[in-house]
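Colleague: I have not seen this one before. Can you walk me through a few spots?

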Amino acid sequence: MALRPIRLIGDDVLRKKAKKVERVNDFIRTLLDDMADTMYKHDGVGLAGNQIGVLKRVIVVDDGAGLLQLVNPVITEQSGSQTGTEGCLSLPDIYGDVERYDKITVKALDHRGIKVKIEAEGYLARILQHEIDHLEGKVFIDTASNIHEEKAASSEEIAEDKESNEEAVKEKLLSNPID
């Protein structure tokens, strides 16, 4: 398994429609494994083939409940509405509010080539829609509102915050001793 470079906004491949996978074979399984490794390495919750420069209809998703590796995913049913803030590994530090369906049904093939049906709602539904949009050449900023930039905290800033919090806790304990 290998890490793949993530394509960033401005790369034409992000705006192209991915092609259907005709057969799930060792190449596709390796691709899915590489995508999962890449997603996890970058602390993502989803990744589409386009984002690593491969125009195949493949996505990986993990909402915290476990990894889904999907081939040729298609949304077959949708209902409800939710709006939430989204980001994207291909648009580092950019966030925006996107309206999505709250509940969806997705049909796809798994990494073994077996047909699967996923009924998702909430966060998982949001992630699946985001990744399937990538396969169509769409990125979240195409429909987002309130687009803004947020820089991730550096490891030095995190260490300073932790040290500052520890000092505040010590000070509070010293000024309010427990008997």
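Modeller: R57 counts as buried because its relative accessibility is 11%; buried means under 20% relative accessible area, exposed over 50% and partly exposed in between, with a 1.4 Å probe and protein chains only. This is a predicted model, where local features need pLDDT of at least 70, side-chain atom pairs count only at pLDDT 80 or more, and totals for chains, interfaces and linings use all residues. Residues are numbered from 1 along each chain as its sequence is written, and side-chain values use heavy atoms, with hydrogens and water left out.

Colleague: Where is the place of R57?

Modeller: In the loop between β1 (46-48) and β2 (58-61). Strands (E, at least two residues) and helices (H or I, at least four) are DSSP runs, numbered from the N terminus.

Colleague: Which backbone oxygen does its side chain reach at 3.3 Å?

Modeller: That of L135. A polar atom of the R57 side chain also lies 3.4 Å from the backbone oxygen of A18.

Colleague: New topic. Which side chains of β4 are buried?

Modeller: In β4 (residues 82-88), Q82, G84, E86 and C88 point to one face and are buried.

Colleague: How many bridges join β4 to β5?

Modeller: Six, and the strands run antiparallel, β5 being residues 91-100. Two strands pair if DSSP finds at least two bridges between them. A hairpin joins them through two residues, and C88 stands opposite L91.

Conventions: A polar contact is a pair of N or O atoms within 3.5 Å; within protein, one must be able to donate a hydrogen and the other to accept it, and residues adjacent in sequence count only if both atoms are side-chain atoms.
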